[in-house]
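Here is a guided walk through a protein model. Keep the sequence and the 3D view open while you read.

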Amino acid sequence: MSILIHSILTLGILGLIYGLGLAFASKKFHVEVDPKIEKISGILPNVNCGACGFPGCAAYAEAVATKGAKINLCAPGGDDVTKKIAEIMGLEATSTDRKVAIIHCQSGGKNNTKFKYDYQGIETCKAAILLSGGPNACNYGCVYQYDCVRACKFDAMHIDDNGMIIVDNEKCTGCGACAIACPRNLIEIVSIKKRVHILCSSHDKGAIARKVCGNSTACIACGLCVKKCPVEAISMQNDLAVIDYDKCIVCGMCADVCPTSAIFDPLKEVRAQKKATAKAKAEAMKKKIEEQKSQEKKEEE
Amino acid sequence: MEFAGKILFMAVMAIFVQNFVLMRFLGLCPYIGVSKKLDSALGMGMAVIFVMTMASTFTWLIQTYLLVPLHIEFLQTIAFILTIASLVQLVEMVIQKTAPALYKSLGVFLPLITTNCAVLGVAILNIQSEYNFIFAILNGLFAGIGFTLVLVLMAGIRERLDRAELPASMKGMPIAMIVAGCMALAFLGFSGLKF
């Protein structure tokens with residue numbers, strides 16, 4: 001019995017002494033931490049994606065609070081987080097330029113792409129492209145082993161019925177994990193405002209590029225888009241048209257002239273509708289004016 | 001003279017012959033984890049020396065004047081761990097206050113000294129070897145120095161390895177493991193020392 005009491009007492013008293021000692025030490029060696037840092041790290045999404053350019057959310061919070069880093073760098077947080085940080089820091093919130101992933105290949109998904117052979121190895125793009133330049137006929141296109149989908153932490157990439165990879169722009173935070181995962185560098189992180197993209201990465205000569213592409217939507221380097229672009233945003237690099245997103249004004253004229261529809265313009269229909277309504281309006285106006293004129297003539301008579 | 005000789009013998013034993021990391025294989029986690037940079041390795045070593053010396057002191061006192069008289073030696077492990085954990089907390093606070101850069105570079109390995117088996121190892125070995133108070137403290141100190149020596153040697157080698165041309169699959173941890181093995185082999189040579 002005495003052993004029991006002794007053990008409880010000994011450990012209890014030891015614990016008490018140590019606890020008091022540590023409490024005293026924590027007061028004496030207290031380190032002042034900027035309360036802003038904690039507040040900001042509480043707001044940040046804490047996914048540590050690194051899109052802001054700092055090693056993790058905690059480092060970004062510290063950089064904002066103490067080193068005056070920009071407050072709109074958090075891609076996953078978006079405008080909400082920027083606004084909240086602005087409140088804490090007493091700054092004005094400038095809207096984040098939200099970025100999303102664009103896959104520069106639309107060869108039609110696993111079901112439509114032309115394959116040289118049936119790849120049955122490890123399910124990763126990195127391994128697939130090592131085997132005689134990849135299983136697909138196009139040496140530049142997607143091999144559809146879905147490394148990017150697995151790399152996505154935000155469930156923003158999906159595989160549709162054709163085996164095509166679809167980026168969910170609502171969920172995509174532009175962290176760039178998929179772009180790093182893609183061994184063929186098909187994925188680019190682009191501002192969501194830039195809607196017109198060249199969805200091909202093939203540097204092959206036109207005839208070959210068209211032949212090997214599952215959708216026949218390869219860039220054949222005809223150069224029509226380069227000529228058509230009003231702001232000289234498109235250039236031909238190694239038999240592939242490349243859009244300079246800094247210059248692009250999202251007019252969609254390149255998509256109109258592209259013979260293989262390798263250039264994607266989601267606003268095409270909207271634009272066509274706008275054009276149609278504008279035309280209709282103009283015609284209506286013309287009619288009105290003509291009617292007025294004819295009426296005036298009648299009155300004169 | 002005999003006393004000085006004994007201390008010298010103990011120092012050589014603890015630092016080289018019975019080195020905690022490479023001969024007893026205790027405390028391998030920080031040995032691999034904190035040996036990337038020389039600065040942080042040295043800082044970690046200093047922290048471990050301090051904790052080991054203090055732990056030896058306190059655990060010997062607790063064992064001799066508390067556990068043995070009350071016949072509760074079976075509480076040795078828990079009482080020692082309690083002591084070591086508190087000491088590590090204290091060291092962590094002091095380092096955070098005095099050397100924030102070191103605190104950051106040590107990262108999670110600082111609180112992990114708490115569960116570093118080398119520290120508990122030296123405390124228990126002190127008791128098992130039936131050292132007296134002064135020798136227990138010295139043994140803790142020398143064990144810590146031995147740990148630091150190996151850690152700093154490893155950090156120096158790994159800093160150079162960073163710039164060496166290695167096959168991609170060997171970079172980083174694999175080559176560190178191989179180096180650790182080579183160092184253990186080299187230290188095995190000390191076991192031939194005789195006085």
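This is a predicted model: local features need pLDDT of at least 70, side-chain atom pairs count only at pLDDT 80 or more; totals for chains, interfaces and linings use all residues.

Residues are numbered from 1 along each chain as its sequence is written, chains are lettered from A and ligands numbered from 1 in the order in which they are written, and side-chain values use heavy atoms, with hydrogens and water left out.

Start with chain B. It has 9 helices and 0 strands. Helices (H or I, at least four residues) and strands (E, at least two) are DSSP runs, numbered from the N terminus. Read along the sequence, the pattern of chain B is α-α-α-α-α-α-α-α-α. Chain B has 195 residues, and 46% of them count as buried. Buried means under 20% relative accessible area, exposed means over 50%, and partly exposed lies in between (1.4 Å probe, protein chains only). Now look at contacts, meaning heavy atoms within 4.5 Å. Take the contacts in chain B between residues at least 6 apart in sequence: 77% of these join residues at least 24 apart.

Which residues touch the most other members of the largest nonpolar core? They are L22(B), Y31(B), M44(B), F80(B), I113(B) and M154(B), in a core of 54 residues. A nonpolar core is a set of buried Ala, Val, Leu, Ile, Met, Phe, Trp, Tyr and Cys residues joined through side-chain atoms within 4.5 Å. Both chains supply elements that give two or more residues to this core: α1 (2–28) from chain A, and several helices from chain B, including α4 (76–98) and α8 (133–163). The largest share, 10 residues, comes from α3(B).

Zoom in on M154(B). Leaving aside neighbours within four places in sequence, M154(B) is in contact with Y31(B), I32(B), S35(B), A176(B), V179(B), A180(B) and M183(B). A second, separate core has 25 residues, among them V190(A), A218(A), I234(A) and A262(A).

Stay in chain B for one more residue. A186(B) is found in helix α9 of chain B. Is A186(B) buried or exposed? It counts as exposed, because its relative accessibility is 51%. The C-alpha atoms of A186(B) and L22(B) are separated by 9.2 Å, although the two residues are 164 residues apart along the chain.

Next comes the place where the chains meet. Chain A gives 15 residues to the contact and chain B gives 19 residues. Together the two chains bury about 1600 Å², with 80% of it on carbon and sulfur atoms. Buried area is the accessible area (1.4 Å probe) that two parts lose on being put together, summed over both. In chain A, Y18(A), L22(A) and F29(A) lose the most area to chain B, together 35% of what that side buries. On the side of chain A that touches chain B, α1(A) gives the most, with 11 residues. That side divides into 8 nonpolar, 6 polar and 1 charged. Here Ala, Val, Leu, Ile, Met, Phe, Trp, Tyr, Cys and Pro count as nonpolar, Asp, Glu, Lys and Arg as charged, and the others, Gly among them, as polar. How many salt bridges does the rule find across this interface? It finds 0. A salt bridge is a side-chain nitrogen of Lys or Arg within 4 Å of a carboxyl oxygen of Asp or Glu.

Now move into chain A. V100(A) sits in strand β1 (residues 99–103). V100(A) counts as buried because its relative accessible area is 3%. Not counting residues up to four places away in sequence, V100(A) touches N169(A), C172(A), G174(A), E188(A), I189(A), V190(A) and I192(A). One of these is 74 residues away along the chain: the C-alpha atoms of V100(A) and G174(A) are separated by 4.4 Å.

Helix α3 (residues 57–67) of chain A has C57(A), Y60(A), A61(A), A63(A), V64(A) and A65(A) buried. The buried residues of α3(A) pack against α2 (35–43) and α4 (78–89) of chain A. After α3(A) comes G68(A), whose phi is positive, near 70°.

N238(A) lies between β6 (234–236) and β7 (241–243) of chain A. N238(A) is not a glycine, yet its phi is positive, about 55°. N238(A) is exposed, with a relative accessible area of 64%. S261(A) lies in the loop between α11 (253–257) and β8 (263–264) of chain A. S261(A) is not a glycine either, and has a positive phi of about 45°. At 41% relative accessibility, S261(A) counts as partly exposed.
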